[in-house]
Amino acid sequence: MFGNLTKSTPARLALARAAHRQGQPASRLARAFTASARQRQQEPSQTSEQAKDGATTHFGFKTVPEHMKETLVRGVFSNVASNYDVMNDAMSMGIHRLWKDHLMRSMAPSPGAKLIDVAGGTGDIAQRFLSYQDGNGDAASSVHMVDINPEMLGEGEKRFGGSQWLRDGRIDFTVGNAENLEFIEDASFDFYTIAFGIRNCTHPEKVVREAYRVLKPGGRFMCLEFSRVENPVLAAVYDLHSFYVIPKLGELIANDRASYEYLVESIRRFPAQNEFAQIIRDAGFTTIGKGYENLTFGTVAIHSGYKF
């Protein structure tokens, strides 16, 4: 799906220019870049504040005390909130819109469906859901948006400010942690979505278990997340785009290189498609087939599970 959309990218241009300057074949330069990036991934640095005896986790390629990750991630998204949508367009050349449209078509929600959109951020998934339902003559469906970051959720509230959806009570907002949705009753929603958010959580397995709890019997969990490109040539180009182009765009557009370096690193630390599909099954969900659909050569994947 969408396989031809990565045919020409800024990364390819950067790779070609670098190869020309150094008098090396582009393929050799790409392999060297990929090896360097993966070495950084495999040898995460320790922070000076790491607890001696406490549990640790990753924050990008760094190892940090587990209790610190939530605060660190919140800081990243506080920094990027106001430029989040603009940067998504710049980083993906607009392709993220197609991924999200495909997510909605794959969901194909029934009339009157209730969606909880976790890590809902600026509200583009919630907006697509309500627009999709309106287009099918459904004025009863509703969305509960949840995000741990008040600044990101504030951007979502701006999106819906003055909308008929807000006036009709079809959208509401809560600041909350995906790992503990204590303000949501069991078996409350027909669909649960989390798009480009679960990799930033300290315990993704807890997030999936909470999703199972809040879904009704027959409900569906859907996760859109960056994933692993298996083709080695394409993976090399993708690494160059990720580690060179995206941080530079963050620096130029948002005046924030560090946050976008973290976002790229967090993608590389997230489990591969088959591993995350097993986490979903371990939480109690039933998956169909392999449990996920790759988009754009595996740059992202849609994971899906049903609560039966």
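Let's start at H58, which touches K69 and R269 once residues up to four places away in sequence are left aside. The model we are walking through is a predicted one. H58 sits in strand β2, which spans residues 56-59. Is this histidine buried or exposed? H58 has a relative accessible area of 18%, and it counts as buried because the cut-off for that word is under 20%.

From the strand, let's move on to a pair of helices. Two packed helices are described by the angle between their axes and the distance between the axes. Here the pair is α4, residues 84-92, and α10, residues 232-253. Their axes come within 10 Å and cross at roughly 145°, and the crossing of α4 and α10 is right-handed. Which residues meet there? On the α4 side you will find V86, M87, A90 and M91, and they meet H241, I246, L249, G250 and I253 of α10.

Finally, a look at the cysteines. How many disulfides does the model have? The count comes to 0. Take C201: the nearest cysteine sulfur belongs to C223, 9.3 Å away, and C201 is in no disulfide. Seen from C223, the closest cysteine sulfur is that of C201, and at 9.3 Å it is too far for a bond, because a disulfide needs the two sulfur atoms within 2.5 Å.

Technical notes
Residues numbered from 1 in each chain as written. Predicted model: local features only at pLDDT ≥ 70, side-chain atom pairs only at ≥ 80, totals over all residues. Heavy atoms only, no water. Axes fitted to C-alpha atoms, helices over the stretch in contact; angles between N-to-C directions. Helix = DSSP H or I, 4+ residues; strand = E, 2+ residues; numbered from the N terminus. Left-handed = near helix turned anticlockwise from the far one by under 90°. Contact = heavy atoms within 4.5 Å. Buried < 20%, exposed > 50% of the residue type's maximum accessible area, 1.4 Å probe, protein only.
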